[in-house]
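Subject: Structure handover

Hello,

Here is the structure you asked for, followed by notes on what was found in it. Please read the notes with the model open.

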Amino acid sequence: MSDYNTLLKELGLDVALHDEMIKATDRLFQETVGAQKNRPKEMAYFDRVLAEAHGARVAELVEEKRNGKRIVGTFCIYVPEELALAANTVPIALCGGIQASIPYAERMFPRDICPLVKSTLGLAFSKTCPYAPIKSLAVGETTCDAKKKTWEILAGKVNFHVMEVPQKKEKLDFDLWREAVDDFRRKLEDLSGTKVDSGRLAETIRIMNAKRRALQELAQLRQAEVVPISGVDALVVMQAALNDEPVRFTEAVKRLNQELRERIKNGISVAPGAKRIMMAGCPAVMGNWKVHALVERSGGVIVWDESCTGSRYFEHLVDETAQDLDGQITAIAERYFKISCACFTPNQERIDAIVRRAQEFNVKGVVQYVLQTCHGYNIEAMRVEAALKGIGVPALKVVTDYSEEDTEQLRTRIEAFIEQLA
């Protein structure tokens with residue numbers, strides 16, 4: 001990381017504090033991801049993406065900015081990346097998954113809000129987020145109350161845009177969401193000075209669909225009886241998906257998929273005899289591997305991840321047949337409207353999908369991962385558990401944050417849960 005300290009200093013970062021946080025994150029990575037045995041060789045690429053997220057990737061984005069592109073920071077997978085790319089901007093996820101930055105957010109914000117929000121803000125407030133000074137626009141959304149109120153404050157400090165994600169899925173709600181998508185297009189055009197045209201948008205739709213198809217294939221390979229990749233490594237791939245350049249990332253996933261197909265063919269499993277587990281609920285963004293690692297060190301192997309760092313990111317494609325910009329905007333809105341976040345009510349689509357995937361992937365148990373104070377996923381966990389009970393699949397709800405204080409307590413609960421699975 002020291003190779004980029006001059007750049008980080010030029011960006012105004014507190015380099016000494018940044019180094020401390022990176023070292024803490026590297027330690028967690030080595031204790032969880034790095035400690036695994038029998039990893040696919042192609043995972044080396046995704047390890048590098050995470051390792052260089054505050055180094056080479058930052059330098060790359062600074063160069064993009066010098067070449068005239070605007071950097072757009074995002075906080076949620078509801079932000080259509082196709083549109084950002086078509087408007088000659090570069091979208092980059094800003095979500096933080098580390099505990100070390102949280103105290104800096106708690107100096108201003110309440111302690112009892114989502115750790116993801118606090119970690120993200122803490123990185124910015126402590127001058128340790130390299131993306132904060134290079135972004136030209138930050139884009140939030142209305143998926144939870146903590147975020148909505150936070151955006152009001154951030155909007156007074158930086159160029160900020162909020163996309164309104166509705167709370168129901170009726171026609172009225174879709175019409176509102178489509179307008180929010182089109183309004184985002186206009187915001188991007190004003191920012192970049194580049195009109196989004198149908199030809200370029202068709203190209204970026206194909207780029208993002210190719211990325212989704214590669215991730216969908218990766219997910220399907222985990223369905224095999226011989227599980228070729230751990231859930232922790234699959235999570236690393238998804239964390240990289242939110243940071244890496246999309247075309248380069250897609251090619252890396254294709255290489256990984258080829259290796260996984262060979263592993264399945266040759267009977268190479270990462271966890272022979274382990275209980276097949278689904279993770280469901282909140283995202284685990286870069287810096288956070290705690291619960292996934294605990295599950296896989298307790299006799300489980302994660303074969304499906306129903307979260308924003310899992311299936312919600314890559315399921316569903318944008319229809320590529322639209323012939324004009326208006327039709328393409330509608331197609332993009334339709335694809336993102338299918339994402340089943342717990343902010344929606346009712347949210348039967350999500351529950352049905354969890355039950356369907358549990359059956360398709362021969363899941364023996366589901367761990368519902370809930371970040372503290374995330375009321376949507378916490379309360380919806382009751383309906384998920386009841387639906388799973390109907391097909392004979394037990395569920396365990398885990399409510400936690402990014403700290404290591406509850407690790408042993410969680411380990412005891414997860415070990416006991418997996419031990420009693422059939």
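Which helix gives the most to the lining of the largest cavity? Helix H11 does, with 4 residues. (Helices are DSSP runs of H or I with at least four residues, strands are runs of E with at least two, and both are numbered from the N terminus.)

Before the rest, two remarks on the basis. This is a predicted model, in which local features need pLDDT of at least 70 and side-chain atom pairs count only at pLDDT 80 or more, while totals for chains, interfaces and linings use all residues. Residues are numbered from 1 along each chain as its sequence is written, and side-chain values use heavy atoms, with hydrogens and water left out.

Cavities and pockets

The search ran on a 1 Å grid over the protein atoms alone: a cavity is a set of points where a 1.4 Å probe fits but cannot get out, and a pocket is an open set with protein on both sides within 12 Å along at least five of seven lines. Lining residues have an atom within 4 Å of a point. Grid points are joined across faces, edges and corners, and a volume is the space filled by probe spheres set on the points.

The count is 3 cavities of 30 Å³ or more. The largest cavity holds about 100 Å³ of space. It is lined by 14 residues, and those closest to its centre are Arg222, Ala234, Met238, Gly310 and Phe314. At least two lining residues come from each of helix H10 (198–221), helix H11 (231–241), strand S6 and helix H14 (311–314). Sorted by class, this lining has 8 nonpolar, 4 polar and 2 charged residues. (Nonpolar here covers Ala, Val, Leu, Ile, Met, Phe, Trp, Tyr, Cys and Pro; charged covers Asp, Glu, Lys and Arg; the others, Gly among them, count as polar.)

The second largest pocket has about 540 Å³ of space. Its lining is made of 30 residues, with Thr25, Leu50, Ala53, His54 and Met286 closest to the centre. Helix H2 (15–32) and helix H3 (43–51) are the elements that give two or more residues to it, and H2 gives the most, with 7 residues. The classes in this lining are 18 nonpolar, 10 polar and 2 charged.

The sheet with S1 to S4

Strands S2, S1, S3 and S4, in that order, form an open sheet with parallel pairing. (Two strands pair if DSSP finds at least two bridges between them.) S2 (89–93) and S4 (160–163) are the edge strands; each has a single partner strand, so one side of each has no neighbour in the sheet. Neighbouring strands are turned by 30° against each other on average, direction ignored. (Axes are lines fitted to C-alpha atoms, for helices over the stretch in contact, and angles run from 0 to 180 degrees between N-to-C directions.)

S1 (residues 70–74) runs parallel to S3 (residues 135–141), and 4 bridges join them. Threonine 74 stands opposite valine 139, and glycine 73 has alanine 138 as its bridge partner. S3 also pairs with S4 in the parallel sense, over 4 bridges, with glutamate 141 opposite methionine 163.

Is S3 buried or exposed? Of its residues, 7 of the 7 are buried, so S3 is largely enclosed by the rest of the structure. (Buried means under 20% relative accessible area, exposed over 50%, and partly exposed in between, with a 1.4 Å probe and protein chains only.) Helix H8 (residues 145–154) lies across S3 and S4, at about 150° to S3.

The sheet with S5 to S8

A second open sheet of 4 strands has the order S6-S5-S7-S8, and the pairing is parallel. Its edge strands are S6 (300–306) and S8 (395–400), each of which pairs on one side only. S7 (residues 365–371) and S8 pair over 6 bridges in the parallel sense. Glutamine 368 stands opposite lysine 397 in S8. Helix H18 (residues 407–419) packs on this sheet and touches S5 (275–281), S6, S7 and S8, with its direction at about 170° to that of S8. (Contact means heavy atoms within 4.5 Å.)

One buried arginine

Arginine 357 is in helix H16 (residues 348–360). Its relative accessible area is 14%, so it counts as buried. Leaving aside residues up to four places away in sequence, arginine 357 touches Gln220, Met278, Trp304, Glu315 and Val363.

Regards
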